[in-house]
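This report walks through one protein model for a reader who has not seen it before. Please keep the sequence and the structure at hand while reading.

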Amino acid sequence: MAALLVRGVRDMLKRADFATVPRRQRHKKKWASTEPKFPATRLALQNFDMTYSVQFGDLWPSIRVSLLSEQKYGALVNNFAAGDHVSAELEQLKARDFVNETVFHREPEPENSQTAAPSHVSWACSPNLRCFTFTRGDVSRFPPARLGSLGLMDYYLMDAASLLPVLALGLQPGDTVLDLCAAPGGKTLALLQTGCCRNLAANDLSTSRTSRLQRVLHSYVPQDVRDKNRVRVTSWDGRKWGELEGDTYDRVLVDVPCTTDRHSLHEEENNIFQRSRKKERQMLPMLQVQLLAAGLLATKPGGHVVYSTCSLSHVQNEYVVQGAIELLDNQYSIKVHVEDLTHFRKLFMNTFSFFPSCQVGELVIPNLMANFGPMYFCKMCRMT
């Protein structure tokens with residue numbers, strides 16, 4: 001099965017995300033000294049123009065200009081530090097708490113009179129999260145966060161779409177939780193904000209990124225919470241987690257390394273489209289399948305996994321989900337059910353722009369009026 005999966009991913013790469021440049025556009029290298037040296041950001045844009053114009057069709061020009069424009073942010077209120085005064089200050093800026101405004105002030109409705117509303121389990125959001133955003137079309141910026149009276153930062157600035165995988169995970173009080181690819185730490189912090197984690201394992205293979213994660217935790221989370229075995233930070237190979245701690249967790253977040261599309265268009269540093277990282281980029285879908293499979297194996301039967309990326313690529317999104325599910329079925333006889341997040345999308349459609357045609361999961365696409373994302377997320381339940 002592994003060999004078939006490798007061949008399948010290679011075939012997908014040839015057909016889609018990393019397609020061959022047409023012959024008429026190729027640069028024939030004659031002398032090393034004359035080879036053009038394009039910045040990685042330009043190579044990323046060329047790649048996206050070639051692949052996403054096919055994937056998104058008429059939507060691509062709008063997504064493209066939004067990706068190249070200034071990103072919007074949200075302010076995740078730090079429940080460990082902030083009183084109601086922080087929310088009041090954010091409201092004075094004309095920002096709104098998009099989570100509470102949507103989840104707790106609007107009950108789910110059936111799609112039509114013949115269709116029952118989805119069960120609470122399928123659409124329930126992780127609780128206690130407060131995240132403020134400016135309304136559609138408002139490009140105001142939040143001021144930098146500052147230390148509160150308890151010596152912790154009042155709020156954390158992040159792409160508000162990054163909160164959706166945590167909301168979709170649907171944490172319940174007392175859950176054991178794994179954040180398999182945790183750095184730089186925004187989603188880990190959000191998981192802790194729910195107040196539901198009996199234990200949280202936060203892992204990232206890169207020790208430098210793990211150090212950044214530790215700095216976020218020190219700035220936002222009280223020492224007693226960090227020290228009472230409630231938060232464990234590790235730098236292990238996430239692909240082996242199913243062997244290390246199989247059948248262990250109630251909830252697992254698998255926010256995998258990806259092409260980080262917006263970053264790739266704006267930053268040369270750590271850009272995966274650098275020529276020296278071509279092989280690494282081509283192997284991303286295989287790594288993502290392995291990480292998602294490990295996350296599913298680490299989950300208890302009946303537990304839930306959310307897979308997420310900040311890429312628009314269907315090769316890194318839907319294809320990875322389908323590949324990992326087939327892998328678990330064929331190699332481990334483990335059945336995985338993909339949950340329908342249609343209603344979840346409808347809850348948040350006033351804040352984010354969603355792509356309407358995902359095969360599985362949901363995708364936030366950048367839009368000038370709501371310039372968040374990209375953010376793909378898919379919720380799964382391990383059945384056996």
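In which hand, left or right, does H8 pass H9? The crossing of H8 and H9 is right-handed. The model behind this report is a predicted one, and the sections below take up its parts in turn.

## Overall make-up

The protein contains 16 helices and 12 strands. It has 384 residues, of which 53% count as buried.

Contacts between residues at least 6 apart in sequence can be sorted by their separation along the chain: 78% of them join residues at least 24 apart.

## Helices H8 and H9

Helix H8 spans residues 186-193 and helix H9 spans residues 207-220. Their axes come within 9 Å and cross at roughly 35 degrees. On the H8 side the contact is made by Thr188, Leu189 and Leu192, and on the H9 side by Leu213, Val216, Leu217 and Tyr220. By class, this contact has six nonpolar residues, one polar residue and no charged residues.

The loop between strand S5 (175-179) and H8 holds Pro184. The peptide bond that joins Ala183 to Pro184 is cis, with omega near 10 degrees.

Helix H3 covers residues 60-67, and its buried residues are Trp60, Ile63, Ser66 and Leu67. Why do these residues lie on the same side of H3? They cover an arc of only 130 degrees around the axis, and therefore they share one side of H3. The spacing along a helix bears on this: an α-helix has 3.6 residues a turn, so residues three or four places apart point the same way.

From H2, the residues Leu45, Phe48, Asp49, Tyr52, Ser53 and Phe56 meet Trp60, Ile63 and Arg64 from H3. Sorted by class, the contact of H2 with H3 has six nonpolar, one polar and two charged residues.

## Ser264 in helix H12

Ser264 is found in helix H12. Is Ser264 buried or exposed? Its relative accessibility is 0%, so Ser264 counts as buried.

Which residues is Ser264 in contact with, leaving aside its neighbours within four places in sequence? They are Ala40, Thr41, Ala44, Phe48, Thr259, Asn271, Ile272 and Phe273. Ser264 and Gln274 are 10 residues apart in sequence, and their C-alpha atoms are 9.5 Å apart in space.

## The annotated residue Cys310

The UniProt record, an unreviewed entry, carries an "active site" annotation that covers Cys310. In the model, Cys310 is placed in the loop between strand S9 (299-309) and helix H15 (318-332). The relative accessible area of Cys310 is 27%, so this residue counts as partly exposed.

Leaving aside its neighbours within four places in sequence, Cys310 is in contact with Cys258, Thr260, Asp261, Pro374 and Met375. One of these, Pro374, lies in the loop between strand S11 (362-364) and strand S12 (375-382). The peptide bond from Gly373 to Pro374 is cis, with omega near 10 degrees.

## Two residues with positive phi

Asp247 is not a glycine, yet it has a positive phi of about 55 degrees. Its place is in the loop between helix H11 (241-244) and strand S8 (249-255). Asp247 has a relative accessibility of 44% and therefore counts as partly exposed.

Asn270, which is not a glycine either, has a positive phi of about 55 degrees. Where does Asn270 lie? Asn270 is in the loop between H12 and helix H13 (278-282). Why does Asn270 count as exposed? Its relative accessibility is 54%, and exposed means over 50% relative accessible area.

Technical notes: Residues numbered from 1 in each chain as written. Predicted model: local features only at pLDDT ≥ 70, side-chain atom pairs only at ≥ 80, totals over all residues. Heavy atoms only, no water. Buried < 20%, exposed > 50% of the residue type's maximum accessible area, 1.4 Å probe, protein only. Helix = DSSP H or I, 4+ residues; strand = E, 2+ residues; numbered from the N terminus. Arc of directions from axis to C-beta. Contact = heavy atoms within 4.5 Å. Nonpolar A, V, L, I, M, F, W, Y, C, P; charged D, E, K, R; others polar. UniProt positions renumbered as here; feature names shortened; annotations may be inferred. Axes fitted to C-alpha atoms, helices over the stretch in contact; angles between N-to-C directions. Left-handed = near helix turned anticlockwise from the far one by under 90°.
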